[in-house]
Amino acid sequence: MITTDRMAAVDANAAALGVPRKQLMESSGNAVARTVRDLVEPGSRVTIVAGRGNNGGDALVAARFLDAFDTHTLLLGRAETISTDIARENWDALVEAEYDTEEVQDSQAIDLGNPDLVVDAMLGTGITGGLREPEATAARAMNDADATVLSVDVPSGVDADTGEHSSRAVDADHVVTFHDSKPGLDSLDAEVRVEDIGIPAAAERFVGPGDLAIETDPHARKGDSGRVLVIGGGPYTGAPALAAQSSLRAGADLAFVSVPERVFEPIAGYAEDLIVQPYDAPQLGPDQVDDLLDTATRHDDIVVLGPGLGTADETLDAVAQFLSGFDGRAVVDADALSVVPEVDTDATLVCTPNRHELAEMGGPDVDDLAAHADEIEAFAADLGHIVLAKAKDDVVSDGERTRISRVGTPGMTVGGTGDLLAGITAAQLGTREAFDAACVAPYVNGRAAEALDRGSGLLASELLDAIPEALRVER
């Protein structure tokens, strides 16, 4: 089962792996044609009703494989308004080859003829809400026709994720969907057929550009994209500053850093964008926990806990106390990680260990994390938190789902890149589900390093300017 957003991401990832959407459309169209051949006899009358997107493009491909049938293809709208190049190319191919085609520019002119089977390819899985014209009139004609109705991917007017539909939705007898079934199809009184169209398993396993896409709210206000609180510093100053700055570069609206008074000035001097909140103690201890919990809870902060904290006993006691009382979202990194296996918490945690920290937490002690991804998944399940294990290939698991990020450069072994990753992860937690945030963050971090192409001699601070571009979705 796969949601529409996830399916769109997988399509984009497949294209990045070298399987372009045009090739997938050809496979989808073939699958539609096979289904038609299974439902009606050669010589039967088939009417294809195609929309102007890729869903319609799938059916336009199918028309070329239905020469044994009396096939008539209706395009809802003008050909010049077809929304994608690949769908337009398939329409042009039908016209040039003199297939029986018709552009319908007036909903009142829709005439299905007297078909034995109608192919509904008007709207795909990404379209929700009630049908408008000309799709509404076409749907009514399909529902009134004395014909078998086959919908491509999802009946037009039905939400593929929820199964919700308006009274004007297409009432399909059969649905042919691709790669995997969609949640909303379970509620239909229709036979659903799932066709493999050649999307590699790697498109789901490996994090790719499709995972970056996210809906943005044009009316968003300050704070809607997350407020990050970095609790770190004491023995070290650079780590919390890098984590906070990277969270801003990755989309957080505000970044606060809570540190001991004695390191306030150097951390505040790293960037004027950081809001540094000092406390009067040489290092984090139990006395600071209540105030930190109050701040994080009151402001719904996404917490980064660990960068530069050190391993003093009282500091680790404070980490355990904070996690025990926190029920929000947090990234746990570096020195704080050792506490997690022993803590009972209601917080949503993303733990970001390197190979050695993973082993110290009780996970597998291995060099090649990707080769032992199943063991990391089992460890994440036992831990009860999301694990983002850092290495050449990063492994992300919530104990049920596991993905791998393969991007990055050898120069990322330099100190500080893990702090950047913690900040990027926190920023993504502001707008994404926790597992998705944990998958996207190492991809963005590695993509930023690849864009700089420094080789050896890379500085973690240099990656900051590359993070926003690494998050950009390629259209």
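Biologist: Which residues touch the most other members of the largest nonpolar core?

Modeller: This is a predicted model, in which local features need pLDDT of at least 70 and side-chain atom pairs count only at pLDDT 80 or more, while totals for chains, interfaces and linings use all residues. Residues are numbered from 1 along each chain as its sequence is written, and side-chain values use heavy atoms, leaving out hydrogens and water. A nonpolar core is a set of buried (under 20% relative accessible area, 1.4 Å probe, protein chains only) Ala, Val, Leu, Ile, Met, Phe, Trp, Tyr and Cys residues joined through side-chain atoms within 4.5 Å. The largest one has 53 residues, and those touching the most other members are Leu274, Val304, Val444 and Ile467.

Biologist: Which element gives the most residues to this core?

Modeller: Elements are DSSP runs numbered from the N terminus: helices (H or I) of at least four residues and strands (E) of at least two. Those giving two or more residues to the core include β8 (227–231), β9 (254–260), α7 and α13. With 11 residues, the greatest contributor is α14.

Biologist: With which residues is Val444 in contact, leaving aside neighbours within four places in sequence?

Modeller: Contact means heavy atoms within 4.5 Å. On that basis, the partners of Val444 are Leu212, Ile424, Ile467, Ala470 and Leu471.

Biologist: At roughly what angle do the axes of α7 and α13 cross?

Modeller: Axes are lines fitted to C-alpha atoms, for helices over the stretch in contact, and angles run from 0 to 180 degrees between N-to-C directions. Helix α7 (residues 238–249) and helix α13 (residues 417–429) have axes that come within 7 Å. Residues making the contact include Leu242 of α7 and Ile424 of α13. The axes cross at roughly 40 degrees.

Biologist: Which are the edge strands of the open sheet of 7 strands?

Modeller: Two strands pair if DSSP finds at least two bridges between them. The sheet has parallel pairing and the order β3-β2-β1-β4-β5-β6-β7. Pairing on one side only is found for β3 (101–104) and β7 (191–195).

Biologist: Which residue in β5 stands opposite Asp120?

Modeller: Strand β4 (residues 117–121) runs parallel to strand β5 (residues 148–152), and 4 bridges join them. Opposite Asp120 stands Ser151.

Biologist: At about what angle does helix α3 run to β4?

Modeller: Helix α3 (residues 54–63) lies across β1, β2 (70–76), β4, β5 and β6. Its direction relative to β4 is about 140 degrees.

Definitions and conventions. Buried means under 20% relative accessible area, exposed over 50%, partly exposed in between (1.4 Å probe, protein chains only).
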